[in-house]
Amino acid sequence: MTLQEYTSSIHNFEECMKCTVCTAYCPVVQVNPLYPGPKQAGPDGERLRLKDPYFFNKALKYCLNCKRCEVACPSGVHVADLIQAARIRYDHSAPKLRDRLLASTDFMGSLARPFAPIVNAVTGLGVTKKVLDATMKIDSHRTFPKYSASSFERWLKRRRKEQAAFPEQVAYFHGCYVNYNYPQLGKDLVKVLNALGVGVQLLEKEKCCGIAMIVNGMSKEATKHAVHNVAVLGKAVEKGLKVVTTSSTCTLTMREEYPALLGVDNSAVKDSLLLATRYIFERLEAGAQLKFRPDFHLKVAYHTPCHMEKLGWGVFSEKLLKMIPGVEFTLLDSACCGISGTYGFKKENYEASQAIGAALFEQIRAVNPDVVACDCETCKWQIEMSTGYSVKNPISILAEALA
Amino acid sequence: MKLNTVIIGGGLAGLTAGIRLQKAGKSTAIISAGQNALHFFSGRFESVSESSADFIDFFAEAGVRLHYHEGVSLMPMGKLVPSSLSLEDVSIFPEGGLPRKALIVNFTGYHDFFSSFLAEGLEKEGCACRIRFIRIDEMERLRESPSEMRSVHIARIMDKAWEKVVQEVRVLLKDEDTVILPQVFGLKDSHTPSLIRERIPAKVVFAGTLPPSVPGIRTQLQLRRRYELLGGTFLMGDEAVSAETDGARVSSISTKNLQGHPLEAEHFILATGGFFSKGLSSNPQKVWEPLFGLDVEALADRNEWYDPDFLKEQPYMGFGVKTDASLRALKAGEIIDNLYVAGSILGATHPELGSGAGLALRSAFAVADLIAKL
């Protein structure tokens, strides 16, 4: 055995060369001097925390978990994992009620959905926003995503037979957003997959991927979700099905965060869990064909969400969009939009959140596209609120362009 | 995914080759395991003397502004070294054109810029130096986190506040012929250094800081943007983990992020850098190239790898993979037909002369032009 074989550690922190490249790319450091930055919060802090947990710094909560430090690191240090793992391990303060509510996306969805018209009307009111701002510290600039009166699950269940008739099948992890807020994205996916001769099935009762819980101090709850999801994904995989998704964050969470942060083994399902854009690209590359409208024209600017950047699969969305005849494509500079899930909803983060996204918003206005494409629901809210441009998942654009 | 060329390594060599191939109408992807040596870039392309107009025009298309003058430039520790092709940020003094009197200006509390060393270096050459510190209001918030008073953070503020520095310098300037400032200007806009030069009535020299290099980061962003605009696929934060070979050819590369989706191509370029970038690995017994297991030119006796005088030429920096005259890689003495090598992994860079940028540029041009003709 050589010396080098002893120098690896959990999350690779000993590989850190102190080059500070991670800090140069951290969007939080640029706007919030209270945040020590990924080098200090990650590998530097880890050395101290391992000696004595006293050195845990509460300012780590300012990390928005975008993982851009990790993508930038030339030495393979899992900087973002080090920071999130430290928060899980050392921060024992109970999450606030607000954070609990923001993090419990499927619980809130199942409560709100039956009363969707009322809930939407009430959360949209200026007075409600003021009350939430004052009592819960949820920033009043934010608009809560609308709840849909009918869930995606219900819609797809009604079409079970029709979907089962397709010669090939996939399972779909739709996530909370598609189920409760925006079933249209799920419907668009079904349209595109059906056009490829593939039928869509639900999983046997999926749960929220748990990312909002992980970053809001609810890792125990998140672990329960992870164990449950790996089991239901496993059932689909055992049947020989691939499982597709339309959210880059849910995908990253289930593929990467489950083992790295929650210690949940996902090795049996990981390779079968794919973003729909990758699945569709691979089908087309293997010879499948889609028929597009001849009259389609759309100027699209693609934004790479942070978790897509980490996943490294933005290339599939990009190639699919470019493949559509009539699409005029611009790739936006890869940069954080500032929302990072529930982070930007918190009053204390609002200003930082908008300052982080400013460069991206400026670039979008300069490109002036018909639509911004992006695979993340919370980026969608942020970009729509901050620029006024409409944001669509590449799958929805694909569906619109089909003949 | 099927491409014409897959480039492993997203630094100066990889990006240069990628842009050149995209321009020639070839489809390419670049695999970049994190950020690269451009973040430590001095701004000088050492040892480039031939056909520099080609290089200058090529970079101008990406918005990267180069100039070519023969002379010496000032290094961060006060040493003057021979220079020719470099970023516009770097000032080159012609022979006999060294400053006589210099004003060195730093920001109070900024420790990554070595004003005293610079003064010492210049004074040896007969230049009288005066060091002054300035404070700019916009920078005050950085002091709340003193450990993060770094080049890039200052540069972000200077993108907006550089005119204030100009004002301060104009007030401080007496009869000096030269003003020396830290290289923290123009992170966003490569015109800023020349705007500063226009507004200060003396020669303005930007001297390097500790990394990350501000002009280097800007160059990396400009090159990546240019590459993507030409249709190239930049796989940031991904890593080549294994290669499939078919006889004397490479057929595909598998990456960490694209498990189960190998990148197939006609040609491959290995531009993974030297030891720091993990293009080469070593242990006390040997030096090797980790992805393909290529032949490496290295001294057998470990005691000869390095010179105990840290600042002397270090033999290990010259280690690199073996190639034929067309820069095709060798493995077990045999040529791999479609694997070309570019950049610092070729070895033969001398750190005291510069950063390896000249080698990266010339080898990337050479392999891209060979592939484009095939």
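Reader: How many residues of chain A are in contact with chain B?
Author: The model is predicted, and the contacts are computed from its atoms. On one side of the interface stand 41 residues of chain B.

Reader: How much area is buried between chain B and chain A?
Author: The size of an interface is often given as the accessible area lost when the parts come together. Carbon and sulfur atoms give 50% of that area here. The total buried between chain B and chain A is about 3300 Å².

Reader: Which residue of chain B forms a salt bridge with Asp333(A)?
Author: The count between the two chains is two salt bridges. In the one at Asp333(A), the closest N and O atoms are 2.7 Å apart, and the cut-off for a salt bridge is 4 Å. The partner is Arg225(B).

Reader: Which element gives the largest share of the side of chain B that touches chain A?
Author: The interface has 15 residue pairs in polar contact. On the chain B side, β1 (2-8), α4 (151-172), α6 (214-229) and β10 (233-236) each supply at least two residues. The largest share is five residues, and it comes from α6(B).

Reader: Where does helix α15 of chain A bend?
Author: Helix α15(A) covers residues 248-262, and its bend is about 50 degrees. A proline, Pro259(A), follows the bend within four residues. The bend is at Glu256(A).

Reader: How many residues of α15(A) are buried?
Author: The helix has 15 residues and is mostly covered. Among the buried ones are Ser248(A), Cys250(A), Met254(A), Tyr258(A) and Leu262(A). After the helix comes Gly263(A), with a positive phi near 65 degrees. The number of buried residues in α15(A) is twelve.

Reader: How far is the nearest cysteine sulfur from that of Cys26(A)?
Author: The structure holds zero disulfides over all chains. Cys26(A) is accordingly in no disulfide, and the nearest cysteine sulfur belongs to Cys66(A). Cys26(A) is buried, with a relative accessible area of 7%. The distance to the sulfur of Cys66(A) is 6.3 Å.

Reader: Is helix α20 of chain A largely enclosed or open, and how many of its residues are buried?
Author: Helix α20(A), residues 377-387, has eleven residues and is largely enclosed by the rest of the structure. Its buried residues include Glu377(A), Cys379(A), Lys380(A) and Ile383(A). The cover over them includes α11 (175-181), α15, α19 (350-367), β7 (371-373) and β8 (391-392) of chain A. The number buried is eight.

Reader: Is Glu289(B) buried or exposed?
Author: Glu289(B) is found in the loop between β15 (287-288) and β16 (296-297) of chain B. Residues it touches include Leu270(B), Leu280(B), Val321(B) and Ile345(B). Its relative accessibility is 2%, and the cut-off is under 20%, so Glu289(B) counts as buried.

Reader: Which backbone nitrogen does the side chain of Glu289(B) reach at 2.9 Å?
Author: The side chain of Glu289(B) reaches the backbone nitrogen of Gly293(B) at 3.0 Å. The backbone nitrogen reached at 2.9 Å is that of Leu291(B).

Notes: Residues are numbered from 1 along each chain as its sequence is written. Chains are lettered from A and ligands numbered from 1 in the order in which they are written. This is a predicted model: local features need pLDDT of at least 70, side-chain atom pairs count only at pLDDT 80 or more; totals for chains, interfaces and linings use all residues. Side-chain values use heavy atoms; hydrogens and water are left out. The bend at a residue is the angle between axes fitted to the seven residues ending there and the seven starting there. Buried means under 20% relative accessible area, exposed over 50%, partly exposed in between (1.4 Å probe, protein chains only). A disulfide is a pair of cysteine sulfur atoms within 2.5 Å. Contact means heavy atoms within 4.5 Å. Buried area is the accessible area (1.4 Å probe) that two parts lose on being put together, summed over both. A salt bridge is a side-chain nitrogen of Lys or Arg within 4 Å of a carboxyl oxygen of Asp or Glu. A polar contact is a pair of N or O atoms within 3.5 Å; within protein, one must be able to donate a hydrogen and the other to accept it, and residues adjacent in sequence count only if both atoms are side-chain atoms. Lists of a residue's contacts leave out its neighbours within four places in sequence.
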